[in-house]
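This report describes a sheet and its helices, a surface patch and a set of charged pairs. The sequence and structure come first.

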Amino acid sequence: MSTPADKPEVVQLPVAPAIVPSARHRRATAQRVREARDRLTSTSGTRPAFDYELLRQYAQTRLSASFVVMLLLVATGVLFGFWMEPAAAAAWTFGMLCIHAVIIYNCKNYLKAPSSANSTRKWRARFILLDLLYGLCWTTILVHPAGSDPVTNTLMMFLMLLVVAVSSMLSASLPIAALAATAPVTSAIALKFATGGSFNSYILAILALTAEGYFALLAHRLHSTTLATLEARAEKDALIGELEQAKAISDEARHRAESANVAKSRFLAQMSHELRTPLNAILGFSEVMKSEIFGEHAVAVYKTYSADIHNSGVHLLNLINEILDLSRIEAGRYELNEEAVSLVHVVTECHHLLKLRASNRGITIHEVFEQGMPRIWGDERAARQIVLNLVSNAIKFTPQGGEIWLKIGWTASGGQYLGVKDNGSGIAEDEIPIVLASFGQGSNSIKSAEQGAGLGLPIAKSLIDLHGGTFTLKSKLRVGTEVIVTFPPERVMSALAPMAEEGPPLQPAQADDAAADDKRRPGNKPIMNAGTGLRA
């Protein structure tokens, strides 16, 4: 009997983590793809938008220098009238002015016409042909003078350099047009010098070709600089567009989040009210059954069940109240009922309420209060809820036989602070933002037998923010947690010294005297001047 073959061992290769490209890498890739597509659809190797912009700069340069070019043509015609017949020089001048007028006319029409890829190609070819015609007309006048004396050669060289320089500067945005305007002139002059037969003529021919190369290189450099400027401006515009789009998306998302948050808060507030009505009936009837008001239960276990129902209802009612308070705060509908409140008195009462619960767990609560603390101007119910939430959390997460310290004192700026410190399990540093968020719970809270809804700290923080104070949470694992809330100096009240008032007048004062007496009487001084720097 043959034994079955061993199954081959299958080794699962580790899956390589997905590489998510960064925003900069995606932007660079999209730019390279766009540039490649634009080069394929462009006749000059650049983007079509750049072709249009370069032609637009060419047309604007031609228009701005039209008067200077016209003066050059007239001066050249007058000058050559001394070397040739005046009629021929006048005819050449008139022809050049006509060509110049045609170029100016086309430049104006180009600036008025709408931009498109096909029209850009047509205008580009038209400008190149006009510049070629412009250069050929210059060639006819430069090669006409007879003789090879030094004066004639110098004049021809000077005019050639002037024409090449002016044409190169005017057509720098369109290098092909610059080459079409200068190449015929340079070639004709160099050929004329080369046929002179003398050494000086050869040197002048070489200088003419060298000057053409220099000005062509200069025109190319100017074109590259202009193109780089256009690319930088296009990238800046694209970046601004991306930023505006991102800002619009962010604003829209923020508006949606705010609307969803307000809708959620309104929903929770409405549902909390709807739940409290039947819950009150559950609490009332379970209280009656637990207390056996109408007689003892036939089965004793029913009393225990009634107590469990009542306790669960109380817990659910507290949870609903917390959700209602949080929804009011988030919706901006929580109004402070401000009055003079003694922070020491509030903390003492809360300590008395929770003392039995702490004693059942063997927890000792210490009070460290500074003497002579004045009252603060705030909402007593909110202050009481802040203290109850903080002390309840401290008792919940402090082990058997632990200790809790309640501290009240002055801040450095003249305000008052309340500190609740315990030596419980503590909170991890990365979990502090979680426990401060609504319905957030740390790992210790999840493991604890007494789990809550995660609303105590967020409500306390929101209430102290409404008072203009600060909320600070410091914690370390296996060391303990300390929460410090501060009330600003503007809310601290100081007792005013009694003021001696004058006795009543023997005769009733007139209206004017009464008004003056009201201004002199110090009874309108504010009572909240401690730590604010305000003087009556």
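The model is predicted. Within the sheet, Gly-419 faces Ile-484, a residue of β7. The two strands concerned are β5 (residues 416-422) and β7 (residues 480-487), which run antiparallel and are joined by seven bridges.

**The sheet**

The open sheet to which these strands belong has five strands, ordered β2-β4-β5-β7-β6, and its pairing is mixed. Strands β2 (364-369) and β6 (470-476) are at the edges; each has a single partner strand, so one side of each has no neighbour in the sheet. On average, neighbouring strands of this sheet are turned by 10 degrees against each other, direction ignored.

Two helices can be described relative to the sheet. Helix α10 (residues 343-360) packs on the sheet and touches β2, β4 (403-410), β5 and β7. The direction of α10 makes about 170 degrees with that of β2. Helix α11 (residues 380-396) lies across β2, β4, β5, β6 and β7. Relative to β5, α11 runs at about 20 degrees.

**Salt bridges**

How many salt bridges does a search of the whole structure find? The search finds twelve.

| Side chains | Distance, N to O |
|---|---|
| Lys-247 and Asp-251 | 3.0 Å |
| Glu-258 and Arg-254 | 3.3 Å |
| Arg-384 and Glu-380 | 2.7 Å |

Helix α11 carries the pair Arg-384 and Glu-380, whose members are four residues apart, about one turn of the helix. Glu-380 has a relative accessible area of 24% and is therefore partly exposed.

Lys-247 and Asp-251 both lie in α8 (residues 199-291), with a spacing of four residues, about one turn of the helix. Glu-258 and Arg-254 are separated by about one helical turn because they are four residues apart in α8. Lys-247, Asp-251, Arg-254 and Glu-258 are linked in a network of salt bridges.

Is Lys-247 buried or exposed? Lys-247 counts as exposed because its relative accessibility is 54%, and the cut-off for exposed is over 50%. Asp-251, its partner in the salt bridge, has a relative accessible area of 22% and so is partly exposed. Buried would require a value under 20%.

**A nonpolar surface patch**

Elsewhere in the model there is a patch of another kind. Phe-67, Met-70, Leu-71, Val-74, Val-78, Leu-79, Phe-82, Trp-83 and Val-151 make up a nonpolar patch on the surface. Together these residues have about 860 Å² of accessible area.

Which helix supplies the largest share of the patch? Helix α3 (residues 66-80) does, with six residues. Leu-71, one of the patch residues, lies in α3. With a relative accessible area of 47%, Leu-71 is partly exposed.

Definitions and conventions:
Residues are numbered from 1 along each chain as its sequence is written. This is a predicted model: local features need pLDDT of at least 70, side-chain atom pairs count only at pLDDT 80 or more; totals for chains, interfaces and linings use all residues. Side-chain values use heavy atoms; hydrogens and water are left out. Two strands pair if DSSP finds at least two bridges between them. Axes are lines fitted to C-alpha atoms, for helices over the stretch in contact, and angles run from 0 to 180 degrees between N-to-C directions. Contact means heavy atoms within 4.5 Å. Patches are made of residues with over 30% relative accessible area and no salt bridge: like charges are joined within 9 Å, nonpolar side chains (Val, Leu, Ile, Met, Phe, Trp, Tyr) within 5 Å. Accessible areas come from the Shrake-Rupley method with a 1.4 Å probe; for residues, only the protein chains shown count as cover. A salt bridge is a side-chain nitrogen of Lys or Arg within 4 Å of a carboxyl oxygen of Asp or Glu. Buried means under 20% relative accessible area, exposed over 50%, partly exposed in between (1.4 Å probe, protein chains only).
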